[in-house]
Amino acid sequence: MYPVLQYFVVPFIHGVVLTLVLLLCVAYLTFMERKVIAFMQVRIGPNRVGPRGLLQPIADVVKLLIKEDLTPDAANRVIFYIAPVIATLSTIAAFAVIPYGGPEATVSIFGFPIRPYLADVNVGILYVISISSIGVFGIVLGGWASNSKYPLLGGLRSAAQMISYEVPFGLAIIGVLMVTGTASLVEIVQWQQQHTWLFWLQPFAVVLFFIAGVAENNRAPFDLPEAESELVAGFHTEYSGFKFAFFFLAEYIAMIVVSALVVTLFFGGWLPVTFGLGHLFPKLPALLSGAWGGPWVMLLFGMGWVFIKVFFMLYLYLWIRATFPRYRYDQLMNIGWKFMIPASLAWIVLTGAGILAVQAIRS
Amino acid sequence: MEQYLPILGMVLIGIGLPVVAIVFARLLAPHRPGGMKGDPYECGIESTTSVRERLSVRYYLIAVLFVVFDVETIFLFPWAVQYQVLGLFGLVEMVIFIAILLLAYFYVIKKGALKWA
């Protein structure tokens, strides 16, 4: 068939649909955050707009849409406008390789095969890490271009923090690659389908990866760039209206990206949760993954499992935010450079020795 | 290469979405600049000094250290994928590589480059 249609137009439409779903998820993630934190603090949270406050995110978007969008007189206008675009681009583009179903769940619409992931490249993890680290440019440029003191300080802090935690963020994944022998996200989940969730083999790497992920996203307790009691709002103090909305959006999509990565790498991606009963009842995994109903059912079930697992990880984010007080800046840097990096390097060596030991026992 | 085309599409969406939405919001929202609105935010106090001043050298040190360690991570990626093929040779070689880096790492700590207080 027409290659342009198959290789560009159809994936483009697929990407647009994926982005819209993502935007909806972000809208209700903000609502979930406010509700969950409210209940943890014995409050009710937003409950006025719509039934049980369910229309609150829509009201927020409309409010941001019709709010005056100010640019400070002293700002570097071009960079000031580009910064939120860079921040958003880096997080949305990262979603291109995250799978929400196996290759067997490929469905056909108008004769075009639609796979449950946009692209399966053999350097999938490397791509996600590199594209999501572009986000730091958006923050540091936004802080600098505002030409104001608090944004500058927030942007600098943020840059130093994000690049510091970038290193353990990458190193924590190395163990996964050593065990599976591939860097494609789809193949990593397929490996887990044949063996077991990598969480059981790499428990320490999960902890390191998630902590580094929380710090990468500038979320509490590592939200020093926007420590509201010191820096007003950090790098986006001078931003308002929809430009502010896109910085906000980028932060929340980045949270979803990190959660989806944790789920894909360590918790079996689209694989069903069987609570270890798969060996007792051999038919259970097939039943829960929808393998009995053809590709459409498998796609729905796969998406459902990814959705449940990702929102569980997001809940963990909120739980952490409601529980821990913010770190001081030197503590943050000490955790990053003096604990996370040596610990992840030690874990790599340990994983290497473990794999060799297993190989020696098996041969 | 065609599997990279969807990624290009996603990058275009990532650029297009904020651009279109910000332009749309500009058309919809009121736009009346002037007065004190354009002043930098400083908790209501009038701004006296310039922002473009010298920054703490620690930020540059962190940036340089980041480059060193991130290049190491990039080197580890292909090694990790091929690890089960390389076997003991791979492990020994990587331990030597990490040891050389750790030497520099302890030198940096000894020099106090990571001290913030």
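The crossing of α3(A) and α10(A) is left-handed. This comes from a predicted model. Helix α3 covers residues 77-94 of chain A, and helix α10 covers residues 241-266 of chain A. Their axes lie 8 Å apart and meet at an angle of about 25°. An angle under 35 degrees counts as roughly parallel. The two helices α3(A) and α10(A) are therefore roughly parallel to each other.

Which residues of α3(A) make the contact? They are A:Pro84, A:Ala87, A:Thr88, A:Thr91, A:Ile92 and A:Ala94. From α10(A) come A:Lys243, A:Phe246, A:Phe247, A:Leu249, A:Ala250, A:Ile253, A:Ala254 and A:Val257. Sort the residues of this contact by class, and you find eleven nonpolar, two polar and one charged.

Now turn to a second pair of helices. The axes of α6(A) and α8(A) are also 8 Å apart, but here the packing angle is about 155°. Over 145 degrees, a pair counts as roughly antiparallel. So α6(A) and α8(A) are roughly antiparallel to each other. The crossing of α6(A) and α8(A) is left-handed.

On the α6(A) side, the contact residues are A:Gln161, A:Met162, A:Tyr165, A:Glu166, A:Pro168, A:Phe169, A:Ala172, A:Ile173, A:Gly175 and A:Val176. They meet A:Ala205, A:Leu208, A:Phe209, A:Ala212, A:Gly213, A:Ala215 and A:Glu216 of α8(A). Twelve residues of this contact are nonpolar, three are polar and two are charged.

Step back to the whole of chain A. It has 13 helices and two strands. Its radius of gyration is 21 Å, close to the 21 Å that the globule rule gives for 363 residues, so chain A is as compact as a globular protein of that length. Along its principal axes, the C-alpha trace of chain A spans about 65 × 50 × 50 Å. Buried residues make up 53% of the 363 residues in chain A. Look also at contacts in chain A with a separation of 6 or more. Residues 24 or more positions apart account for 79% of them.

Most residues other than glycine have a negative phi. A:Asn147 has a positive phi of about 55°, although it is not a glycine. A:Asn218 has a positive phi of about 55° too, and it is not a glycine either. Where are they? A:Asn147 sits in the loop between α5 (135-145) and α6 of chain A. A:Asn218 sits in the loop between α8 (203-216) and α9 (228-231) of chain A. Is A:Asn147 buried or exposed? The cut-off for buried is 20 or more other C-beta atoms within 10 Å. A:Asn147 has 21 such atoms, so it is buried. A:Asn218 has 24 other C-beta atoms within 10 Å, so A:Asn218 is buried as well.

Chain B comes next. It has four helices and zero strands. From the N terminus on, its elements run α-α-α-α. A compact globule of 117 residues would have a radius of gyration near 13 Å, but chain B has 25 Å. The C-alpha trace of chain B spans about 70 × 50 × 15 Å along its principal axes. Buried residues make up 19% of the 117 residues in chain B.

How many residues does each chain give to the contact between them? Chain A gives 67 residues, and chain B gives 53 residues. On the side of chain A that touches chain B, α1 (3-40), α3, α6 (149-180), α10 and α13 (329-362) each supply at least two residues. The largest share of that side, 14 residues, comes from α6(A). By class, the side of chain A that touches chain B has 44 nonpolar, twelve polar and eleven charged residues.

Finish with one residue, A:Leu65. Its place is in helix α2 (residues 56-65) of chain A. With 16 C-beta neighbours inside 10 Å, A:Leu65 counts as partly exposed. A:Leu65 and A:Gly241 are 176 residues apart in sequence, yet their C-alpha atoms are 6.3 Å apart in space. Leave aside the neighbours of A:Leu65 within four places in sequence. What is A:Leu65 then in contact with? The residues are A:Phe242, B:Ala25, B:Leu28 and B:Ala29.

Methods
Residues are numbered from 1 along each chain as its sequence is written. Chains are lettered from A and ligands numbered from 1 in the order in which they are written. This is a predicted model: local features need pLDDT of at least 70, side-chain atom pairs count only at pLDDT 80 or more; totals for chains, interfaces and linings use all residues. Axes are lines fitted to C-alpha atoms, for helices over the stretch in contact, and angles run from 0 to 180 degrees between N-to-C directions. Angles under 35 degrees count as roughly parallel, over 145 as roughly antiparallel, 65 to 115 as roughly perpendicular and the rest as oblique. A crossing is left-handed if the near helix is turned anticlockwise from the far one by less than a right angle, and right-handed if clockwise. Two residues are in contact if their C-beta atoms, placed from the backbone, lie within 7 Å. Ala, Val, Leu, Ile, Met, Phe, Trp, Tyr, Cys and Pro count as nonpolar, Asp, Glu, Lys and Arg as charged, and the others, Gly among them, as polar. A residue is buried if 20 or more other C-beta atoms lie within 10 Å of its own, exposed if 12 or fewer, and partly exposed in between; C-beta atoms are placed from the backbone. The radius of gyration is taken over C-alpha atoms; the globule rule is 2.2 Å times the number of residues to the power 0.38.
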